[in-house]
Number of protein chains: 2
Amino acid sequence: MAEKAPKKKKMREEVLERSVPLFATVGFDGVSMRDIAAAVGVTPAALYHHFSDKEQLYLDAVGYAFEEKVGPLKTLLDGGGNPWERIEAFITRLANLLAAERDFLRLMQWVLLDSDERRQRSLVDCVFRDLFNALRDFAAELAPGHDAHRLAVSIIGLVLYPFETQSVRRFLPGYTHQQEDPEAIARHIVGLLRNGLGGINEENP
Amino acid sequence: MAEKAPKKKKMREEVLERSVPLFATVGFDGVSMRDIAAAVGVTPAALYHHFSDKEQLYLDAVGYAFEEKVGPLKTLLDGGGNPWERIEAFITRLANLLAAERDFLRLMQWVLLDSDERRQRSLVDCVFRDLFNALRDFAAELAPGHDAHRLAVSIIGLVLYPFETQSVRRFLPGYTHQQEDPEAIARHIVGLLRNGLGGINEENP
DNA sequence: GTCTATATGATGATAGAC
DNA sequence: GTCTATCATCATATAGAC
């Protein structure tokens, strides 16, 4: 009796894991409880034993997708040492994360578009707040003369936008596969933050 | 008979005008034909006399919302003269547009998240392509040493992100109403592009 | 061109057997 | 804890009267 069946406790987690890509792809309104149930391999009724309703399942799924993702990122900013080295490490890590975990990015986009204020607020509380605060505090240290809040927004936008727009840039001329390389994106952004466009060319240093 | 009834021809446009804020707020899946019909003041069946189906109504609504918005923006980039003056004018105009027309921004976000590839492509064709190409060509002129495509993405991201994230930043500390001032946002971005963070402080020049 | 009425199916959620 | 069966409601879309 010391050994419990390992399968039993995992049902709830299994639901979350399977529903994350669904919500990430088509959003809250685009996913039905039937879809999730089918992805898990149960009937829709079974889901209601683990989650009170669809909204709670969604909130838990988003929280599940973000936990253990934002923590390590925040740590990169907290450490001491050269601020420019830290911001470069943060940007590089974030770019690699976004490139590898596409669901992560899309869930963030869905949160930004959520029109249910109560739901959006609870998502922000569990997902965005800590990381944004850490980045804003770091921005204040990195560039004391600038508005830290505004600068934090700029940094996040610079990193996220290449990935957010990838699905449409595919169709545009001048698009090459290598433009999605997270390391190259990070170098581009750090160069921009350091010197603006007046600095040394990134292509011909 | 030389004078036609001015009301008759406007029905189609009326539907588009009323449906744009609905689609902008809750997206394609969040709006029903009943919602649109109610907003216009007709029955759902009447909508099908003007649009073959919901998707066509959506595509036309997005096109309607973007026409006469992107054209003037593109013109700002095409003109000759000092490139830095032109990019500043473009960024300032775009920021003011985004601040004034919230539906415009949200529709763009929905397009970026659209999981229907055929639909997304047709939206990109009628909405994004021209403006992005103009900006990319301009970026090539502004900073010949940089990857023009990448730089165009960075510029768009810098301008759009303060507005895209406004709905969640409301809940975060350090948020002040004045951070949404499009003129201040534009100055911040131009300063960043010119000098990076190493330049003269924007707050204490 | 808009209406009433309706076909047809998907949706979130629940009751009760096992 | 999961199932079958079902409810009530909502969805897109159409047919045909006016």
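Let's start at the DNA: a backbone polar atom of Val31(A) sits 3.5 Å from a phosphate oxygen of DNA strand C. Keep in mind as you look around that this is a predicted model. Arg34(A) instead points you to a base: an N or O atom in its side chain is 3.2 Å from a base nitrogen of DNA strand C.

Two or more residues each come from α2 (33-40) and α3 (44-50) of chain A, and from α3 (44-50) of chain B. The biggest contributor is α3(B), with 4 residues. In total, 15 residues surround DNA strand C, and among the closest are Met33(A), Lys54(A) and His50(B). By class, this surface has 8 nonpolar, 4 polar and 3 charged residues.

Next, turn to the place where the two protein chains meet. Chain A and chain B each bring 62 residues to the contact. Together they bury about 5,900 Å², with 62% of that on carbon and sulfur atoms. What holds for polar pairs across this contact? There are 20 residue pairs in polar contact between chain B and chain A, while the count of salt bridges is 0. On the chain B side, α9(B) supplies the largest share, 12 residues. That side is made up of 26 nonpolar, 21 polar and 15 charged residues.

Definitions and conventions. Residues are numbered from 1 along each chain as its sequence is written. Chains are lettered from A and ligands numbered from 1 in the order in which they are written. This is a predicted model: local features need pLDDT of at least 70, side-chain atom pairs count only at pLDDT 80 or more; totals for chains, interfaces and linings use all residues. Side-chain values use heavy atoms; hydrogens and water are left out. Contact means heavy atoms within 4.5 Å. Buried area is the accessible area (1.4 Å probe) that two parts lose on being put together, summed over both. A salt bridge is a side-chain nitrogen of Lys or Arg within 4 Å of a carboxyl oxygen of Asp or Glu. A polar contact is a pair of N or O atoms within 3.5 Å; within protein, one must be able to donate a hydrogen and the other to accept it, and residues adjacent in sequence count only if both atoms are side-chain atoms. Ala, Val, Leu, Ile, Met, Phe, Trp, Tyr, Cys and Pro count as nonpolar, Asp, Glu, Lys and Arg as charged, and the others, Gly among them, as polar. A residue is near a molecule or strand if one of its heavy atoms lies within 4 Å of it.
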